Every structure is written in structure tokens, then in C-alpha cells.
Amino acid sequence: MAEATPNTPQAHRYETQVAGRLLVLETGKYAKQASGSVLVRYGDTVVLATAQASEEPIEADFLPLTVEFEERHYAVGKIPGSFMRREGRPGEKAILSARMTDRPIRPLFPKGFRHEVQVIVTVLSADQKNPPDILGPTAASAALMLSDIPWEGPVAAVRVGLIGGQLVLNPTLQELEESTLDLVVAGSRDAILMVEAGAQEVDEETLVQALEFAHREMQPILDLQEAMAQALGKPKMAWTPPDSLSEEEKEAFYRLSLERGLTGVLQTASKGERSRALEAFAESLIAEALPKGEDGTPDESWKSLYESAFAEVVRKELRRLVLEEGKRADGRAPKDLRPIWIEVDVLPRAHGSAVFTRGETQVLGTVTLGTGRDEQIIDDLGIDETEKFLVHYNFPPFSTGEVKRLRGVSRREVGHGNLAKRALKAVLPPEEAFPYTIRVVGDVLESNGSSSMATVCAGCLALMDAGVPIRAPVAGVAMGLVWEGDRAVILTDILGLEDALGDMDFKVAGTRKGVTALQMDNKVGGLPREVLKEALMQAREARLRILDLMESVLPAPRPELKPFAPRILSLKVPVEKIGLVIGPGGKNVRALEELGVEVDIEEDGTVRLYSSDMEAAQKAKKRIEELTMEAKVGEIYEGTVTKITPFGAFISLFPGTEGLLHISQIAPGRVERVEDHLKVGDVIKVKVHRIDERGKIDLIRPELEGKIPPRRRS
């Protein structure tokens, strides 16, 4: 423990055991001016979470919540690798961790709360065994519980692995290397609120068991937070919800909307036509519903209240249609997929390309094959330093018919790209069999729900089109839920509108064998096991239908790479001869690159040659083999005489290796002078007779073998 001065404030400490390791929540010592602040320690991983709300609300029709996840490189004893040598924009891992914290806490703010809220999680120490990402939701929850911010927590998060067929709570980073499942679950006392998972084709029943296991094991963490909040929590701030219509006025407005034909407008199949029809319908309906003044003119001061009420009316009627009539906004039944069409090999110069269209969602998937030099250098707090598989998701404004400024990559784009990456990574070939750096890009050309899952499908097809020998095709589908009372309807392949108005967004990707990626956000109370399993099984049915369509277009990866893709040759050289391959000052490597070949040399002696010209690659490989050849006893070589001495001739077998042909082995009978038989530059056949412990090589003439006894070294 660090020493403290007499004036050091007293910390309040709460602790429990989680997976055999101590989880500590501490408050009262650090960041005391924040409304809520908690230091969370697990192993030697430490994060500080703070929560703060503005004193006054802002004009907005949404919850103004921002969640930041700040990685400090000093947490692992590193100086940032950027030019400025300080932390800049959050990296991909930090963005994903921020989303992982945001998603479970956001639904628990009271409806209508419009004060700006900022939650900041700062990683102060990372032991590279216990990842800090799962501490984010717990730390943020504890800070909110202690603060004066109204919030309906607590929540906690745990990770579940599957090692040797056994579920493992909070596996270390090292254990995750052996796990076939990486599942993060955040939940409240009664509900699973968020799921994020990557898996090696894990079956649905096992996933349900893992979810139940996670929810059960997080309960002590929730107990800890409740005890802390009960003892130390601040009184919650007073706030005023925005004005709204009374329940009676809302019900009358709903009945009027039905009388004027809202149901028919909602079931317009096309997203664009439906949006325009709803806009015109709302304008007419609100004008009719507005209270009239004494002069008979509508009272415009009520307009914003009716506009807000109209969104509730639309939600209510869409949910009624699903629950009571089994009808959806575009006329489908709950289990129906939208029409799908697929194209592959659509771009002439890309190494692989495909277009996957499902209803009004369309993604162009492309694959680029690169070399070892194209690996991404990871400058974060984890143990991995490079990444050979990249998946990037782009969501331009035209995909939804909008005009927006193009800025940097959004958090949503990073999150969707990571979900698609997890789905596809599970089926990639081992690096030894296919040692390329692979980049998959999903460009969303149209969007009306489930664009991340369309990216999985397009990306898989593009990989197959590129000739990447994946183990099995992967497809994905987004599921939804409408649940009221004892009625629950699961929706397959949800629209954007159903995502916004439903109770669950459940994205599932996988092969025919099992699930490879899973993401869920739950907006309601605890989902029964039966509902979870039914959603997974319904997703499996849809996934198999999609895989059938994908395989009808491209049954398997192409046997050959595209003409413009780099070819690769691999060979292994002795570690001690890596210097020979490189040459003085890199001379030999530069000579190979002049052939049009890129050379990648690893520390274990693996050499990879990349070139779009296979003949050049073969030539480079032959040069390296010649540079690194080792003489073997009994082998015959064509050698070149490099030096004449009174006792024999030195023969170069290949670059860097020569042996001695003793004067007694040059010709039958007695040889008086070597020069009478050989001269420098002569090329002769020689055989390796012996290599001594110092590496010196004795040669003989193979045609004289048996006629002249080999000399004996003293």
C-alpha cells in the first residue's frame, strides 16, 4: 500500500470475489468534485469512472448522454507511438469499450431526462491479464449510483469463455487464446441488457447456457454497488420532464389516427414512400387535432406536443399490428426474409468483390490481399502488437437518402465493422496456409436495417471471390422483438423502423454449424430462457436460408487468386543465415525487390515473397535458397574453383559455402602440382565426403570414388 499523509481523505472500500480474483470498488479519495466517482480494481487492472450532469436541461428530443473510454498508455508502461507522443483520438479498442459501456446504461435513464450527462472511464493500470473493457459498465454504473443523476441501475458486466467444453468466468487474456467463445454480458438484477460475442461456431444451446451463467455470476457485483449506493449515494436531483399530452389526449389522438387511415400508411412497402406518406399524414392529422382558438384557427403552441405524440402513436400501432395481426411495416410475416439478390466479381481490379442486397439494404464487399508489411500496428493497452485481418464498415449519408458532412469514422461504424470482423474471423484459414494480410471493406450503398449483417454476407462472398480458402461460408441476420404482457413476437430480418420501435435488437452471424458472432441490446425486462432460445433458433433458420442463396451463387472459394492479387511463396531458412538473405546494408533484399518481389523476413527464419509475377517470385526464391543452402554429406554439387594451394583446391559449392578438395583427391596417381590439373574458375563435380565438428568440408571427386582412398584428417 502507498503511504499517505495525515490529511489524506479516507476511502470507502467495497470488495467481493469474482472468478477467484478480488474486485474492489473504492470512492471518497479521488475526483471528488465529480457528482459520482469510483475507482475499480480487478487484479492489477484499475479504472476510474466519473459521472456528471449539467445543472440545466437542453433543448433536445433525445437523451444527451456521452460516454468516453480513455486509455492511458502509462497504464502498461508505454509512451504513445504517435508523432506527438501523447494520446489522441481513441483507438478502435477504446471506441468499442466506450460502446460496451454506453449500451447497457443508456436505457436506464428516465424517459424525458434532458440534462447533459457525461460518463468518463479512464484506464489507469492494465495488467494485460484482466482486460479493462468489462470493468467499464460496472464502474460507470457505480459512479451513476453514487451521483445525483436520476438513473435506474445498477448494472454489471462479466466475460464468459468456453475452454475445453467448460464455461469460464472472466477468463484472462491468455486464457482467451484457448477459448472458443468470447462473450461479454451486461445486465441488471432482472435483465440481460447487452451481449457482445465472438465464437468458433458455438451452438445455440451452449450460448443460452453461457448467457444464463453470466447473469447469475454478475449478481454479487450488483449487490456490492447497491450496498455502496445505500451508504454513500447522493440524493437524486430534481428535474422536470418535458410537457406532453395527457393520457386521455394521447388516446383520442391515437383513435383519430386510426380513423384517418394510419394502418394503411404504415404498411407501405418502400421505406422512402412510407416516410413521405407518414410525413404528409402527420401534417394533416396534427392540423386536424390541434385545439382551435376562439376565432376557429388552430393553436400552434400545441404543435410540438402533438408531433411528439405522433411518434408514440406510430410505435403503438406498429406494435399492435405485429402482436394482434402478425403484420409488419412492409407487409411481411414475422419470420419472412426480405427478397435477396447477390452479385460476385463485380469490380475488375479488386482482389475480391461482391454485392449483397436484402430488401432496401445493400452492401458492396471488397477484399484486398496484402503482405506482411500491410499488417496493422496496434498501439493500445493489449498484448497483441499487429493485426493481419482488417474489416472496415462505411456508412455514407446517401445510403439513407440524406445529405450530411463527411467526417471521421463514427463509433457506430467502428462497432459494426468489429461485429462483422468477429463473424468472419472464425472461418479464416490458418496463417501458415494463407499468410496474407486481408482487408475486407463493407460499403453500405443502401440502408434500411441490418446493414452490419449484410456486411457479413457481402464480406464472406468477397473473401470467397478472392480465393481465400475460408473453412465455411458465414451469413448474418438481425432479429427483433415485440413484447407486451404475456405476448412476445420475434421478428426476422428487421427494418430500421422495427429496430427503433421494438424491444430488442439481436444480431446473429454464423455458419451452418454454429454461431460466430452475436450482439444484443435489450430494451425491456428480463427475457425468459425460452424467448432467448427461440430468437437464436429463428435466427438459425433464417441464416440457413441465406446461406443456401449465397452458395447457389458461389458454392466455394475460387481455386485461384485474381490476376491482380499478389502471389506468395514461403520458405524457411536457418535463423543464423537471415543476415545472408538480407545482405550487407540490405543489399540482397534490395536486389530481390528490383525483380518486383516484396520480401518479408520473420525472426524464426520464415521468408515470404510477394509478387504479382510468379516467375519473378520463383527466381527470388531460388536466389535465397542458393544463399542459404547447407552442404550435406553424400550430396554431389557442381562447384567452382576459387583458390589453389600447395595442398589442394578450395571449391565454392554455393554462395557462402566452400570445401577443400585435397591434392590426393584430384586425380588418380600422384599429383605433384594442383595447377597441372585445376585452375581458378574451373567448374567441376564434387561430393561432400565429411563435415567436421568445426564445419569444415572435405570433398572428393565422385568419378574417382573407390579408386582413391579418402585422406584422413589428423
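This is a predicted model: local features need pLDDT of at least 70, side-chain atom pairs count only at pLDDT 80 or more; totals for chains, interfaces and linings use all residues.
**Reading a sheet and a core**

Colleague: How many bridges join strand 22 to strand 24?

Modeller: In general, strands of a sheet pair through backbone hydrogen bonds, parallel or antiparallel. Pairing here takes at least two DSSP bridges between two strands, and strands are DSSP E runs of at least two residues, helices H or I runs of at least four, both numbered from the N terminus. Strand 22 and strand 24 (residues 606-611) run antiparallel with six bridges.

Colleague: What is the strand order in that open sheet?

Modeller: The order is 22-24-23, with antiparallel pairing. Strand 22 (567-572) and strand 23 (598-601) are at the edges with a single partner strand each, so one side of each has no neighbour in the sheet.

Colleague: And which residues touch the most other members of the largest nonpolar core?

Modeller: A nonpolar core is a set of buried Ala, Val, Leu, Ile, Met, Phe, Trp, Tyr and Cys residues joined through side-chain atoms within 4.5 Å; buried means under 20% relative accessible area (1.4 Å probe, protein chains only). The largest one has 140 residues, and V119, F356, I438 and M550 touch the most other members. Helix 11 (residues 451-465) gives the most to this core, with 10 residues.

How values were computed:
Residues are numbered from 1 along each chain as its sequence is written. Side-chain values use heavy atoms; hydrogens and water are left out. Buried means under 20% relative accessible area, exposed over 50%, partly exposed in between (1.4 Å probe, protein chains only).
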